[in-house]
Amino acid sequence: MTMNSLSKFWEVKDNGFLPTNNLISDAFSALIESKYKRIALDMPEMSRQQVVEYFNDRSQDIESDLNDIVSNDRVDLAENLMRVLSYAASFYIHYPGEPKVNVLPKVIAAPFVRVANLVERPPILSYASYCLYNWKHEFPPLPVELYNINLIQNFCKANDARRDEDWFILVHVDIENKAARGIKALQGFHLNESVESVQKRLTSLVESLALMNVTMKRMPEQCDPDVYYLKVRPYIFSFENIIYEGEFGDQPQTFRGETGAQSSIVPAFQTWLGVQHKENLLTTHLKDMRNYMPLEHRNFLTNLEQQPTVRDFVLLNINNLQLRVLYNSCVHQLYEFRRQHLQYAVDYIQKKVPNPKGTGGTPYVPWLSKLAEETESYYL
């Protein structure tokens, strides 16, 4: 598998950070027709031992697919396999109601580490496999909206928290889709553009952010805080001191759990708006989250950071009231997004435990509060 094919697969274009719709449709069709159909559809009903037996039975198929990925540049197959193995690993390690384990069996660990190396992300379930490449578009050409998308892979049983798990992830998918217009607006920006051109960019961004906030506020409609906390959240925690049997010299490994901080949306908007946060453990953590993003998304953010910001442009034209109003509207919508995220962190997690940490392993409430406060300080 080549670097170029991986970059093309996750290329940031009209869909923002989501893969193109046809890739999602093809992924689902291929999975349903493939040898991994059972793990995709039946894993929530399986025991730990049944998952291990399943991968024992499929070991030759997986080896064949891994060879196909390398020989024929099959990035689609690599990402499908990454999702399957990510879910299986987290299901095994975080299996509810059973004693904790600290060893991931070789039959899962070996192919998981290999495919993770191919897609250049750590061997743990991350946002790319949990959200970005885990949905299907039900009825194209109707738009990608909450009523028209469904999940490919679940942890929860159909009669036990499936609705809440689906909604939690699909709200994120819809937010990613709503962000696409804003991501497109900031690409190719330069300081010698006309004021009218930049006003159009800012208008697209503020509209995109406003739609994201509308979707964000819909989270409680079908994702109950108690159900999320007890049934959905436990599967997406970090791996702490886990031995990947036969890998890493059998030395325990620690990787961050799946979290929305692994999305590239807010870092992209924040960077272009020139919103900077003070260096501390929080900003170090957020930079670490980039290691869990698809490589093309990491590169997109790095390139964006090396370019002028729209704040630079507005400061050069500070006497233009309309430009300033549009810029401040974008900052306000970004603040509202962070404020709503903070409120959910309180409602869905903090109220339920004495010493909460996020699935990424961080003391998130004071951090999220600080992010919101610092964002609000950037009005012009």
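Leu104 stands opposite Tyr244 of strand β4 in this predicted model. Strand β1 (residues 103-104) and strand β4 (residues 239-244) run parallel and are joined by two bridges; strands are DSSP runs of E of at least two residues, helices are runs of H or I of at least four, and both are numbered from the N terminus. Pairing of two strands requires that DSSP find at least two bridges between them. Strand β4 also pairs with strand β5 (residues 253-255), in the antiparallel sense and over two bridges, and Gln253 in β5 is the bridge partner of Ile242.

Residues are numbered from 1 along each chain as its sequence is written. As the model is predicted, local features need pLDDT of at least 70 and side-chain atom pairs count only at pLDDT 80 or more, whereas totals for chains, interfaces and linings use all residues; side-chain values use heavy atoms, with hydrogens and water left out.

In helix α4 (residues 48-57), the residues Arg48, Val51, Val52, Tyr54 and Phe55 are buried (under 20% relative accessible area, with exposed meaning over 50% and partly exposed in between; 1.4 Å probe, protein chains only). Viewed down the axis of α4, the buried residues fall within an arc of 155°, so they line one face of the helix; the arc is that of the directions from the helix axis to the C-beta atoms. The buried residues of α4 pack against α3 (37-42), α5 (59-72), α6 (75-93) and α7 (106-119), contact being defined by heavy atoms within 4.5 Å.

Asn154 is located in the loop between β3 and α9 (162-186) and is buried, with a relative accessible area of 7%. Residues up to four places away in sequence being excluded, Asn154 touches Met43, Pro44, Tyr87, Arg162, Glu165 and Asp166. A separation of 22 Å is found between the C-alpha atoms of Asn154 and Val75, which are 79 residues apart along the chain.

Leu142, in the loop between β2 (135-137) and β3 (149-151), is partly exposed, with a relative accessible area of 45%.
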